[in-house]
Amino acid sequence: MAKAYAFTRHGGPEVEALIDREPPEPGPGQLLIKVRAAGVNPVDHKLRGGYRRPGQAPAELPEVLGSEAAGVVERTGPGVEGFAVGDAVFGSTLTGGYAEYTLLPVAVAARVPEGLSFVEAATLPVAAATAYDGVRQLALPAGSTLLVTGAGGGVGGNAVRLARHLGLRVVGTASEAKKGVVESLGAVHVAPGPDLVARIRAAAPDGVDGVFDLVGGEHLRTVAEVVADRTKLITAGGKQIVAELGGSAVARARDAATLDAVAELAAAGVLRPHITATYPLERAGEGLRAVETGHALGKVVIEVGP
């Protein structure tokens, strides 16, 4: 039996538990990995609360938490090519990342590049890949100005890094507590609050050419005013609202080619993850609480094994 951290029914933190389970069996096109690290994301506690992604089957309880992981290939399923036992890999999980063993589909898996740790690689499939997909979707030319809301978080920080790498000017909204982080990434920091639009315009006197929103809600409605071309308004946090505003959701690629691209950028230091806390599997709940508050700086990671 192997250890995993799961939710046993839908609800709050009280439904979480460290459980024993048999390592899952890899099917066609799947890798069984011995997990070394798993990224923590807001979607984890949303799934625990009953949220399901579009097209996702109902939860089979207990359901192991965690959408992304990195580790070492233990076994390969039928028809797998390009991966072998012993390979260091990362990707999106089929059976939860907060676990000693999990399954990765080869369609959303990639090798950990040299120079990148398992802890760093485990943060790439959700935060870095979402940032990559969003910045590519906006396709702003060098010299343009991009507004990133929630710029102090895992996705936001990577979006700022990538945009700056591509020659964009960046304004980032984030709390005062995250000002230092946002500015260290090369963005102009603007705190949420009264007169937000006026303060954004003061920070970007030549105008804002695109908005990458990671907050949603009324914050999204407010900042939408600063961009005239609503095709350049995208969100990962408020799909219904952005449709009303004439913008669109981030179109996630969710494929191995994207993971290979973000791995290369991470290895080159462009998307180097900003990891602020790690927790052992036995304390996975504490790691999830750190993210669930909505105030975590950068990325939180669960470390599994040595």
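Good morning. Alanine 139 is exposed, with a relative accessible area of 53%; here exposed means over 50% relative accessible area, buried means under 20%, and partly exposed lies in between, for a 1.4 Å probe and protein chains only. Before I continue, please note that this is a predicted model, in which local features need pLDDT of at least 70, side-chain atom pairs count only at pLDDT 80 or more, and totals for chains, interfaces and linings use all residues. Residues are numbered from 1 along each chain as its sequence is written, and side-chain values use heavy atoms, with hydrogens and water left out.

Let us return to the backbone. Alanine 139 is not a glycine, yet its phi is positive, at about 50°. Its place is the loop between H3 and S9. Helices (H or I, at least four residues) and strands (E, at least two) are DSSP runs, numbered from the N terminus.

Aspartate 195 is likewise not a glycine and has a positive phi, of about 60°. This residue is found in the loop between strand S11 (188-190) and helix H6 (196-203). Aspartate 195 is exposed, with a relative accessible area of 61%.

Which kind of peptide bond joins leucine 61 and proline 62? The bond is cis, with omega about -5°. Proline 62 sits in the loop between helix H1 (42-48) and strand S4 (63-64).

Strand S4 leads us to a sheet. An open sheet of three strands runs in the order S2-S1-S4, with antiparallel pairing. Strand S2 (16-21) and S4 are the edge strands, each pairing on one side only. Two strands pair if DSSP finds at least two bridges between them. Strand S1 (residues 2-7) and S4 are joined in the antiparallel sense over two bridges, and alanine 6 stands opposite valine 64 in S4.

A nonpolar core is a set of buried Ala, Val, Leu, Ile, Met, Phe, Trp, Tyr and Cys residues joined through side-chain atoms within 4.5 Å. The largest such core has 47 residues, of which Phe90, Leu146, Val148 and Phe212 touch the most other members. Among the elements that each supply at least two residues of this core are helix H3 (124-138), strand S9 (145-149), helix H4 (154-165) and helix H9 (256-267). Which element gives the most to this core? H3 does, with eight residues. There is also a second, separate core of 26 residues, including Leu31, Val40, Leu65 and Val80.

Thank you for your attention.
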